[in-house]
Amino acid sequence: MKPARSIATRTGDDGNTSLLYGQRVPKDHPQIEAVGAFDELNAAIGLAKAASTDAKQKADLELIQKDLVALMGELACAEADAGRYAESKFQKIGEPELARVDAAVAALEARPVRLEGWATPGANMAAATLGLARTAGRRAER
């Protein structure tokens with residue numbers, strides 16, 4: 001029986017890791033930092049999705065997670081491999097995804113805004129998890 005592939009490859013013990021198609025870079029490389037930040041955002045959104053009791057919100061958060069996975073794929077690709085990535089079957093962020101995000105932002109901005117309490121998250125568990133996701137998003141944005 002063939003042994004299962006381990007998640008502990010030990011190939012990064014020298015301080016390097018691989019981009020999508022195998023190019024080795026330092027673990028503090030900007031692309032690795034960016035992928036890590038968006039991975040953290042994806043996990044925070046997963047927590048918010050798990051805490052939500054609203055079916056539409058859960059579905060919306062899952063769509064955002066799928067977009068983040070696509071974005072992380074693009075971020076993890078070396079510039080030299082961009083053509084290979086463009087031709088791959090990996091999900092990509094394109095105009096339809098951007099239009100969906102723009103429409104969601106416009107819908108949020110059309111709602112009345114309440115500013116009180118925004119700086120002290122935690123009114124309930126669902127709100128606290130969304131606050132965590134918001135701050136993870138801010139880090140990823142940087």
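Does Glu40 count as buried, exposed or partly exposed, and at what relative accessibility? Glu40 counts as partly exposed, because its relative accessibility is 37%, where buried means under 20% relative accessible area, exposed over 50%, and partly exposed in between (1.4 Å probe, protein chains only). The model is predicted, so local features need pLDDT of at least 70 and side-chain atom pairs count only at pLDDT 80 or more, whereas totals for chains, interfaces and linings use all residues. Residues are numbered from 1 along each chain as its sequence is written, and side-chain values use heavy atoms, with hydrogens and water left out.

Four salt bridges were counted, a salt bridge being a side-chain nitrogen of Lys or Arg within 4 Å of a carboxyl oxygen of Asp or Glu. In one of them, Glu40 meets Arg139 at 2.6 Å, N to O, and this pair links distant parts of the chain, with Glu40 in helix α1 and Arg139 in helix α5 (residues 125-141), 99 residues apart; helices (H or I, at least four residues) are DSSP runs, numbered from the N terminus. Arg139 is likewise partly exposed, at 39% relative accessible area.

Another salt bridge joins the side chains of Lys56 and Asp60 at 2.8 Å, N to O. Because these two residues are four apart in helix α2, Lys56 and Asp60 are separated by about one helical turn. Lys56 counts as exposed at 57% relative accessibility, while Asp60 is partly exposed at 33% relative accessible area.
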